[in-house]
Amino acid sequence: MERTQSTSCTGFFQKSLESLTPESLLEGRLHLEKTDQSINIRMDGSTFDMENGCYVVGFGKAVLGLGAFIANKLGSSINSGVLSIPWGTSENEEYKDLIDVCQAANIGILEGAKDNLPDEHSYNAAKAIVNMVSNLSETDVVIVLISGGGSALLPFPVEGVSLEAKLKVVRLLSRAGASITELNTVRKALSGVKGGKLANMIHPAKVISLVLSDIIGDPLDFIASGPTVTNTDDPQAAFNIIQKYSLLQDITANIVKVLSRNKKNAKELDSSVIYVVGNNEKALQHIHSSAQKEGMISSIMSKEISGEARDIGKAFANLVLCICSLNNNLEEVLQVLGIKSVQNIQYDIAAFKTGENKTLVLFGGGETTVTVKGSGKGGRNQEMVLSFGIALDAVKSKLVELGFEVEFLSCGTDGIDGPTDAAGAVWDMDCFDRAKDLQLDPHDFLEKNDSYNFWNKIGCLVKTGHTGTNVMDIQVLKIRKISK
């Protein structure tokens, strides 16, 4: 096969992360001015006076970098602060300087939520945040940094519910295949700070929330379970979700009581404003432009891909068959992928099939789910790529015969796919040959939800460590015409 150098799927994923640095997200959009003791939000021209300085709190996988950016800008104007960040962050040399910058500006750093699950460490961080903001005045300003992972890093159960009992509910829902919005609905109902309750604690002080979105459509009330956003959920929504997944018999009577008596909290606060400073659209646009600069045909299919991970993986494989003229049900495949606007992608596919350009790269973003039935180790991205590989391996020889080379990646932008140390996985035309040499049956690994161990054995995991950001997942599908 003739191979030329161009950005690989892994390379595009790395480039997507570059667009999500704090400087890329905040510089030029957020003006933090110390000389006249004010904060100017460029996005809508709002200005907030800081006669008494300000407080900085945050929770999530991306708040350390954001906090360090603000600490550099405001310095001694920060009275105090607390950031709740993922367990193990301080062990990474890359983040030690950021921690030092925050601590020099009176911002305490607390780590918790090992394996993306609430624990005593993150609970202690939540208590520290609550204690800091509970008795402020109307002349005070609190900057609240929120990103994906914030729910696990701000666990503060309602009175009468233990952290372990709440954690059990989340585990049961996750294993049952509940969506992230369903999980957050239940989290809000069982939390003393989520669903706008943190903003109520901060009142009458002013609240400026800066959000990095990790949920499809950027619903502010669901990102980190909306601690500074008015909760508009139906009071019975959380109870109904527990019923939907037939879990009433598996949770404590006390939690059933709390959920069945949940009351609506519709108090809106004029002193609270919220801004989305980044999302997966920004990352996708960045790598889309990068691909075009390399001369590839490039298209963003959707930033809202969702569904069962293995089903989406198979749909991506079917998309390859359509592009390579082995299948003609393109519209049906695009529908499975949830792509609403099909004209652009149909045009790009047609241009690739009939034109001289030898490379087509399609980008997707969103967040899928996994219904766990086996006892293996993995994450939604690794399972998606495994399902894709199984479907495409069956026709690999035909693709080679027709002169196509295919590569597919799915990774989480936070660098952590499920309870593993990998961001996701990447499939190429040769990787299943290595699996066969090792006598590994990919179907068996998929059935056991053991995608991590499969990819680990053949060297196809993508490992970045904690990236310091989180805007859901990125999919990259690259197809090249090659000389046989």
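Visitor: Which strands does helix H16 lie across?
Guide: Helix H16, residues 380–393, lies across E12, strand E13 (424–427), E14 and E15. Its angle to E12 is about 160°. Contact here means heavy atoms within 4.5 Å, and angles run from 0 to 180 degrees between N-to-C directions of axes fitted to C-alpha atoms, for helices over the stretch in contact. Helices (H or I, at least four residues) and strands (E, at least two) are DSSP runs numbered from the N terminus.

Visitor: What sort of model is this?
Guide: This is a predicted model, with pLDDT of at least 70 needed for local features and 80 or more for side-chain atom pairs, while totals for chains, interfaces and linings use all residues. Residues are numbered from 1 along each chain as its sequence is written, and side-chain values use heavy atoms, without hydrogens and water.

Visitor: Back to the sheet. What's the strand order?
Guide: The order is E10-E11-E15-E12-E13-E14, in an open sheet of 6 strands with mixed pairing. Strands pair if DSSP finds at least two bridges between them.

Visitor: Which strands are at the edges?
Guide: Strand E10 (297–305) and strand E14 (461–462), each of which pairs on one side only.

Visitor: And how do E12 and E15 pair?
Guide: Strand E12 (residues 404–412) and strand E15 (residues 473–481) are antiparallel, with 9 bridges. Glu-407 has Lys-478 of E15 as its bridge partner.

Visitor: What does H12 lie across?
Guide: Helix H12, residues 280–293, lies across E10, strand E11 (359–366) and E15, and runs at about 170° to E10.

Visitor: At what angle do H13 and H16 pack?
Guide: Helix H13 (residues 309–323) packs on H16 at about 40°, with the axes 7 Å apart. The two are therefore oblique to each other; under 35 degrees counts as roughly parallel, over 145 as roughly antiparallel, 65 to 115 as roughly perpendicular, and the rest as oblique.

Visitor: Which residues meet there?
Guide: From H13 they include Ile-312, Phe-316, Ala-317 and Val-320. In H16 they include Met-384, Phe-388, Ala-391 and Leu-392. The residues of this contact of H13 with H16 divide into 10 nonpolar, 2 polar and 4 charged. Ala, Val, Leu, Ile, Met, Phe, Trp, Tyr, Cys and Pro count as nonpolar, Asp, Glu, Lys and Arg as charged, and the others, Gly among them, as polar.

Visitor: What about H10 and H11, how do they cross?
Guide: The axes of helix H10 (residues 237–244) and helix H11 (residues 253–260) cross at roughly 135° and come within 7 Å. H10 is therefore oblique to H11. Ala-238, Phe-239 and Ile-242 of H10 touch Val-256, Leu-259 and Ser-260 of H11. By class, that contact of H10 with H11 has 5 nonpolar residues, 1 polar and no charged ones.

Visitor: And H8 with H10, what angle?
Guide: Helix H8 (residues 180–190) and H10 cross at roughly 130°, and their axes come within 8 Å. That pair is therefore oblique too. The contact involves Glu-182, Thr-185, Val-186 and Ala-189 of H8, and Ala-237, Ala-238, Ile-241 and Lys-244 of H10. It has 5 nonpolar, 1 polar and 2 charged residues.

Visitor: New topic. How many salt bridges?
Guide: The structure holds 18, each a side-chain nitrogen of Lys or Arg within 4 Å of a carboxyl oxygen of Asp or Glu. One of them joins Glu-27 to Lys-73, with the closest N and O atoms 3.5 Å apart. Glu-27 is in the loop between helix H2 (22–26) and strand E1 (30–33) and Lys-73 is in helix H3 (residues 63–74), so the pair ties together parts 46 residues apart in sequence.

Visitor: What sheet does E1 belong to?
Guide: An open, antiparallel sheet of 3 strands, in the order E1-E2-E3.
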